[in-house]
Amino acid sequence: MTKKKKFRLLDAILATVCITLVVESVAPTAAIGNSQYFWWIFLIIAFCVPYGMISAELGTTFPSEGGMYDWVKKAFGPKWAGRVAWNYWINFPLWIASLAVAVTDVVAGIFEIELSIVWLLVLQLGYTWLVCYLGTLRVTDTKELVNLGTVFKVVFVLALGALGIYTFIKTGESANPITSVADLFPSLDLAGLSFVSIIIFNFLGFEVVATFVDDMNEPKKEIPKALIVGGTLMALFYILPATGVNVSMSLEDAEVAGITESFAILLGNLGVSDVIIRAVVIVAGLMFIYTMVANITSWSFGVNSVAKYAADDGGMPKIFGKTNKAGVPNWASYMNGIVASVICIVGIILGQLSESASNLFWTFFSLSLVTLLISYIPLFLSFLKLRKTDKTERVYKVPGNDFVIKLVTFVPFILLILGVIFTMFGDFTKEYIIDNLPLIIGVIVSFIIEEILVSRVKEKPSK
């Protein structure tokens, strides 16, 4: 009999990093500035490691296709599970809409053109329905597209990071120089705390590695080590390109400029000819767009499957449970397309009425970010309750006494809540609230829809 090959959790972490590495998050990460180095180290310790260990315990003790939905349901009932399902799903079409805006920004930037309203509609709706169509296919039918996207992501982030570092070494100049140790630490104002959510967003998804624990030799020893290594590697893949952006442009410019512009600025600072710069920018831009197609495709199956699972269980509208002949939840993907399309159309109209179209990506991205963070908040309290009330034998168990367990639970729990609050209210001034009104209204509308859906969920014993 052939001996079963054991799977190292580090292997799973590396695979997860490739899947969850989101190139479009580089711009928000770069906007943090030099204090990002502090935030990455702090949040690896305070969020990533405890979140990963909790997910590993829950995932191996209560294995289920529903994942977080089932864990919350087991702890707090179907209504709270319904809230998790709604927020986990709605973040996805919002994310699609933010990337559709990013696509048009990249196209306009690399080809140096101003897109008419017709082309904005064509490109944004074209991107939206392309990725939604791909979401109706089997995972095996799209694996080549996703694999090539992973290659492009790695090449893109490494190239931008290496170019930024080389330019700084060569010229000694940076748009955001580090003049003292104090520059590496965040400001103490409220706006600085809004960056917590961006870093946390880049960590989310690590719970998928829990499914590999049964195939490991020593999960109790390997899980903590792999989480630290995986979190550090994830940080590296974001810090490198963000450093390239920070060397090339100010934080203010980074918030509105396309990420491909960093290539042009860095190459220009090195004295490269305009012809080569333009060619590099076009290639980098097309690679960037491809990664935005591949990344959404890689996530769609998981998001749509959870929506279907919740629909079958009564936690989401039944339409999300419909599948095609291949067994793929195609109507969940269609709903993604419908919602994302409406958001894109409204965004284009608003963009024509004002000159703030460049901020649409940030508005949609922030709304997606807030709803996703909200979906994870019940996870930590569910862990604490199930640890006390459910005596199922743990394959992997978060180590520590009662104080440590509470610390591991409440620190990331509080960080999530702070991330939500300060993403919505980075400042409590009247001007800031007015500027952030679309995000605030979007969160309120999402909450109202969520509670309407949850009110129809019948309380019943968990599975």
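## Helix packing exercises

Helices α5 and α14 are oblique to each other, because angles under 35 degrees count as roughly parallel, over 145 as roughly antiparallel, 65 to 115 as roughly perpendicular and the rest as oblique. The structure above is a predicted model, in which local features need pLDDT of at least 70 and side-chain atom pairs count only at pLDDT 80 or more, while totals for chains, interfaces and linings use all residues. Residues are numbered from 1 along each chain as its sequence is written, and side-chain values use heavy atoms, with hydrogens and water left out.

### Exercise 1: the opening pair

Find how the axes of α5 and α14 cross, and which residues make the contact.

Step 1. Helices (H or I, at least four residues) and strands (E, at least two) are DSSP runs, numbered from the N terminus. Here α5 spans 78-110, and α14 covers residues 330-353.

Step 2. Their axes come within 8 Å and cross at roughly 50°. Axes are lines fitted to C-alpha atoms, for helices over the stretch in contact, and angles run from 0 to 180 degrees between N-to-C directions.

Step 3. The crossing of α5 and α14 is right-handed. A crossing is left-handed if the near helix is turned anticlockwise from the far one by less than a right angle, and right-handed if clockwise.

Step 4. On α5, the contact (heavy atoms within 4.5 Å) involves Trp89, Ile90, Phe92, Pro93, Leu94, Ile96, Ala97 and Ala100. On α14, the partners are Ala332, Met335, Asn336, Val339, Ala340, Ile343 and Cys344.

Step 5. By class, this contact of α5 with α14 has 14 nonpolar residues, one polar and no charged. Ala, Val, Leu, Ile, Met, Phe, Trp, Tyr, Cys and Pro count as nonpolar, Asp, Glu, Lys and Arg as charged, and the others, Gly among them, as polar.

### Exercise 2: another crossing

Are α7 and α12 roughly parallel or roughly antiparallel?

Step 1. Look at α7 (residues 139-171) and α12 (residues 261-269): their axes come within 10 Å and cross at roughly 30°.

Step 2. That angle makes α7 roughly parallel to α12.

Step 3. The α7 side of the contact has Phe156, Ala159, Leu160, Leu163, Gly164, Thr167 and Thr171, and the α12 side has Ser262, Phe263, Leu266, Leu267 and Asn269.

Step 4. Sorted by class, the contact of α7 with α12 holds seven nonpolar, five polar and no charged residues.

### Exercise 3: buried or exposed?

Sort Ser368, Phe447, Glu112 and Arg394 by relative accessible area.

Step 1. The cut-offs: buried means under 20% relative accessible area, exposed over 50%, and partly exposed in between (1.4 Å probe, protein chains only).

Step 2. Ser368 sits in α15 (residues 360-389) and is buried because its relative accessibility is 2%. Among residues beyond four places away in sequence, Ser368 touches Asn91, Leu94 and Trp95.

Step 3. Phe447 belongs to α18 (residues 437-455) and, at 48%, is partly exposed. Phe447 lies 8.8 Å from Asn87, C-alpha to C-alpha, although the two are 360 residues apart in sequence.

Step 4. Glu112, in the loop between α5 and α6 (117-134), is exposed at 65%. Take a look at its backbone too: Glu112 has a positive phi of about 55° without being a glycine. For background, most residues other than glycine have a negative phi.

Step 5. Arg394, in the loop between α15 and α16, is buried at 15%. Setting aside neighbours within four places in sequence, Arg394 contacts Glu57, Thr61, Phe62, Leu386 and Arg387. Of these, Phe62 is 332 residues from Arg394 in sequence, with a C-alpha to C-alpha distance of 9.0 Å.

### Exercise 4: the whole chain

Describe the chain by its helices, its burial and its contacts.

Step 1. The protein chain has 18 helices and zero strands.

Step 2. Of its 463 residues, 53% count as buried.

Step 3. Among contacts in the chain with a separation of 6 or more, 83% join residues 24 or more positions apart.
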